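Let's take a walk through this model together. Have the sequence and the 3D view open, and follow along one stop at a time.

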Amino acid sequence: MAIIRVVDFSEYTGPISTDWFRRRNEEGIEGVVVQLWGGGNVPGRRNEYFHTSVDAAQAAGFTYIACYVWPPADIDVALDWLGQTKVDFVALDVEANARLTQANVDMVRAAGQVPILYTNYPGFDLVENSVDRTLPLWLARYKSVAAVPPVNLTGAWGNLTPKWTGPLVGWQYKGTTALNGESVDLNIFDDS
């Protein structure tokens with residue numbers, strides 16, 4: 001298992017240039033997660049910059065590219081917007097009262113994509129009991145982190161007793177952060 005640095009961002013960041021991605025790649029950021037669907041607290045909105053952001057990241061040399069969808073109930077129309085674009089995973093964002101059902105997970109799999117759960121600790125209560133608890137997990141948990149990014153995923157749980165049995169594959173350790181003129185969240189992921 002190797003840990004890689006990853007940024008994620010939403011439509012609010014706007015279009016990001018290939019040059020910006022290239023510079024981040026040179027600085028050691030190895031992956032990007034682009035919002036596919038949802039907008040802050042406004043459901044039902046596609047990210048108009050999704051495809052241009054993916055194209056710019058690929059042109060800059062990124063090969064680890066994924067997306068997220070909020071709320072998971074919109075997964076059918078979000079997958080239509082994704083189209084034939086292949087991503088490393090589709091994260092189903094469970095927060096702000098957006099529930100997750102097994103049907104949401106099954107739609108991602110039926111589209112030939114890999115589903116994972118993105119949530120913070122309280123979000124586990126929004127996952128319906130029927131949902132496969134072995135899905136990979138990307139956890140948002142902000143705690144004191146030194147100026148350098150974490151070197152492993154174990155610190156994400158801290159003293160929490162997880163309500164999940166799937167592997168922890170990502171940790172969003174810092175929320176909205178200005179990074180060379182763009183607003184992104186900072187993460188580490190297991191690259192496997």
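Start at Arg24, which sits in helix H1, residues 18–26 (helices, H or I with at least four residues, and strands, E with at least two, are DSSP runs numbered from the N terminus). Leaving aside residues up to four places away in sequence, Arg24 touches Ile29, Phe62, Leu179 and Asn180, where a contact means heavy atoms within 4.5 Å.

A quick word on ground rules: this is a predicted model, in which local features need pLDDT of at least 70 and side-chain atom pairs count only at pLDDT 80 or more, while totals for chains, interfaces and linings use all residues. Residues are numbered from 1 along each chain as its sequence is written, and side-chain values use heavy atoms, with hydrogens and water left out.

Now zoom out. The chain has 4 helices and 9 strands, and from the N terminus on they run β-α-β-β-α-β-α-β-α-β-β-β-β. Of its 192 residues, 52% are buried. Among contacts with a separation of 6 or more, 68% link residues 24 or more positions apart.

Thr177 gives you an example of sequence distance versus space. Find Thr177 in strand E8, residues 168–179; its relative accessibility is 13%, so it counts as buried. Val7 is 170 residues away from Thr177 in sequence, yet their C-alphas are 9.8 Å apart. Thr177 also touches Glu182, Ser183, Val184 and Leu186, again not counting residues up to four places away.

Next, look at strand E1, residues 3–9. Because 5 of its 7 residues are buried, E1 is largely enclosed by the rest of the structure. E1 pairs with strand E9 (residues 182–190) in the antiparallel sense, over 6 bridges; two strands pair if DSSP finds at least two bridges between them. Ile4, for one, has Phe189 as its bridge partner in E9.

What about strand E4, residues 64–69? Here 6 of the 6 residues are buried, so E4 is largely enclosed too. In a regular strand, side chains alternate between the two faces of the sheet. In E4, Tyr64, Ala66 and Tyr68 point one way while Ile65, Cys67 and Val69 point the other, and all are buried. E4 pairs in the parallel sense with strand E5 (residues 90–94) over 3 bridges, with Tyr68 partnered by Ala91.

Most residues other than glycine have a negative phi, and most peptide bonds are trans. Yet a cis bond joins Trp70 and Pro71, with omega about -5°, and Pro71 lies in the loop between E4 and H3. In the loop between E5 and helix H4 (102–110) you'll find Ala96, which has a positive phi of about 50° and, at 60% relative accessibility, counts as exposed. Asn97 is found in the loop between E5 and H4 as well; its phi is near 65°, and Asn97 is exposed, with a relative accessible area of 67%.

Technical notes:
Buried < 20%, exposed > 50% of the residue type's maximum accessible area, 1.4 Å probe, protein only.
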